[in-house]
Amino acid sequence: MSTADMSSPDVMPDVLIVGSGAAGLTAALVLAERCRVLVLAKGALDGGSTAWAQGGIAAVLDEGDTFDDHIRDTMVAGAGLNRRDTVEFVVENAPEAIRRLADLGVPFNADSGALHLTREGGHSHRRIVHVDDATGWAVQQALIAAAKAHPNITLRPDMVAIDLVTDRHRADHTSDQNGSGRVWGVYALDTRSGRVECFAARATILATGGAGRTYLFSTAPRGATGDGIAMAWRAGCRVSNMEFMQFHPTCLYNLEVKNFLITEAVRGEGGHLKLPPGVPGGGERFMPRFDPREELAPRDIVARAIDHEIKRLGLDYVHLDISHKDPEFVRGHFPNIYERLLGLGIDMTKEPIPVVPAQHYTCGGVLIDLAGRTDLDGLYAVGECSESGLHGANRLASNSLLECFVFGDAAANDILARWDAFPPPPALRPWDESRVSDSDEEVVIKQNWTELRRFMWNYVGIVRTNKRLERAAHRIKLLNGEVNDYYGNFRVTADLIELRNLLQTAELIVKSARARRESRGLHFNEDYPQTQPAARDTVLVPD
């Protein structure tokens, strides 16, 4: 392990990390104290979901709060599917994660010399540390600055991972050898040059984020196409609980701005959900009819309540109203949201905000243990692409960034502790483009992408039925044939890679949803409205 510039193709990193968000860069900074680390970013270094996170990071820091309270709140939201050892591990490591971020220079809001804590839906105490209403952006910038400053970390933007490199890709591999065996790195497309490169390392960490772009309406960034989940599944990893897609209750309804979410903290600080004028009950709050916690109920309950009212009354949106609070209070707590809305002609200190639910977080993913290890030797998964057992059937607000920091640290430390178990990579086969040509029908990708996201929204959204899931499965089967044929005949592009991964992820979501014959947490099926007494994970095993 020594310092070297890994931008040269002749220099091999010790550890390869796919993803430059909170989970990936946290792992990189820990590993870089002893290893050479190469981080591949799909687009810009700050192009992932981390930079979009508004609310904050949950941690027990208040005198009246306890680890037991945070654990209980997480387990209640998770509807019985959380793994308690994981929840305890993450919650108990949260304060230290906040301290490390503060040491990196993240300018958390303070109040009378202590960190300012806000409260969000599902939390019994104020425990959300934040940087105004743009916490993710501040965290992302601090992590990137630290990574750029470290001589053992090389950052490569504009690299789209295609597939994991496994024992099947060894130069000495023969056709009678079965299984993927060990993971040795990834094949990735350099979108600047159009060339596919083979990146090899002793250990590989997937920190690729979620699969929000499987849906027509999502708060996720453009690159959230389930890449790590799809690659791990194709290589032979189990995935778990993919049916649990969280829909953020309050995404701005605007025909020009498609994915601007209004943070949970607006409701946490007293915002009310109301029916718009002109309908029965217009101007009145509706959450008290659905849950005693009202606007502070967990996200799945709030999202289903909004969806119910929109469908019942034929609405395009409902209103989120915090205009009854002092204008200085609103501007002080939500400066970025206030300015953004003002630019769209909405003054949130004087009028309500039109909102609709949108896909927001992927609770399922690649099955991992407490060290971030997957089923394949040499492969780790951390953050939203993983299923650690923290979130269960529904993620508690502001636990997601926390999971990134805790598991990024855990995976890195496990690699360092077991370094002798990671042999150097063997000779590997380069990417083979000898039998493909440039596509002359890019419209096929655009058409299939649009169709997939639309039927996933309509058939596999907030409320599901057996018939809708069956229709989705049928459409996925047809699209699989088209996309696999296209993939086998044409040179890869970023759009084709993403479509292939979106389709694979959609198939996993639908398979998982069809296997769950109950309603629990984020998964609500009108044909199985009851919750079974025993909570069981949905674990899919590759053929």
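**Cavities and a helix**

Analyst: Strand S14 (245-252) and helix H7 (299-313) each supply at least two residues of the lining of the second largest cavity, where helices (H or I, at least four residues) and strands (E, at least two) are DSSP runs numbered from the N terminus. This is a predicted model, in which local features need pLDDT of at least 70, side-chain atom pairs count only at pLDDT 80 or more, and totals for chains, interfaces and linings use all residues. Residues are numbered from 1 along each chain as its sequence is written, and side-chain values use heavy atoms, with hydrogens and water left out.

User: What volume does the largest cavity have?

Analyst: Its volume is about 70 Å³, while the second largest cavity has about 50 Å³. A cavity here is a set of points on a 1 Å grid over the protein atoms alone where a 1.4 Å probe fits but cannot get out, and lining residues have an atom within 4 Å of a point. Among the residues lining the largest cavity are His130, Asp132, Asp133 and His333.

User: Switching topic, is helix H13 largely enclosed or open?

Analyst: H13 is largely enclosed by the rest of the structure, because 16 of its 22 residues are buried, meaning under 20% relative accessible area with a 1.4 Å probe and protein chains only. Helix H13 covers residues 494-515 and reaches 32 Å from its first C-alpha to its last.

How values were computed. 1 Å grid on protein atoms, 1.4 Å probe; cavity = no way out; pocket = protein on both sides within 12 Å on 5 of 7 lines; lining within 4 Å. Points joined across faces, edges and corners; volume = space filled by probe spheres on them. Expected span 1.5 Å × (residues − 1). Buried < 20%, exposed > 50% of the residue type's maximum accessible area, 1.4 Å probe, protein only.
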